[in-house]
Amino acid sequence: MLDFCYVLEIKYECKQLSKELHLLYGIKNILIDIEKAINIIRFSEHHKEELMNTFNLDDIQVEYILKLTLRDINKTFISKKISKIDEL
């Protein structure tokens with residue numbers, strides 16, 4: 001029974017890490033042209049769709065990026081997040 005619990009815990013952790021990694025890849029994509037991403041967020045009426053098309057993001061990644069504060073959307077923050085990819 002204890003082994004089964006470990007298996008469930010490991011599966012859960014893997015799923016959570018996989019979700020986080022997916023979000024981090026989205027952040028990595030907008031780093032390519034961070035200024036363009038900020039301008040899309042600030043000035044486009046259809047910012048969600050435009051971010052998805054411009055940076056090859058999916059809905060989950062775009063929602064995560066849109067929830068970030070403008071203060072968080074900078075190269076230092078994103079670089080720290082991207083360095084986490086190697087850890088995962």
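Glutamine 61 touches His22, Leu23, Tyr25, Gly26 and Asn56, leaving aside residues up to four places away in sequence (contact: heavy atoms within 4.5 Å). The model is predicted, with local features requiring pLDDT of at least 70 and side-chain atom pairs pLDDT 80 or more, while totals for chains, interfaces and linings use all residues. Residues are numbered from 1 along each chain as its sequence is written, and side-chain values use heavy atoms, with hydrogens and water left out.

Glutamine 61 is located in helix α4 (helices are DSSP runs of H or I, at least four residues, numbered from the N terminus). Its relative accessible area is 6%, and glutamine 61 is thus buried (buried: under 20% relative accessible area; exposed: over 50%; partly exposed: in between; 1.4 Å probe, protein chains only). Helix α4 spans residues 59-67, and its buried residues are Gln61, Val62 and Ile65. They lie on the same side of α4 because they cover an arc of only 95° around the axis (the arc of the directions from the helix axis to the C-beta atoms). Exposed residues Ile60 and Lys67 are carried on the face turned away from this buried side.

Helices α2 (residues 34-43) and α3 (residues 47-55) have axes that come within 8 Å and cross at roughly 160° (axes are lines fitted to C-alpha atoms over the stretch in contact, with angles from 0 to 180 degrees between N-to-C directions). The contact involves Lys36, Ala37, Ile40 and Ile41 of α2, and His47, Glu50, Leu51, Thr54 and Phe55 of α3.

Key:
Helix = DSSP H or I, 4+ residues; strand = E, 2+ residues; numbered from the N terminus.
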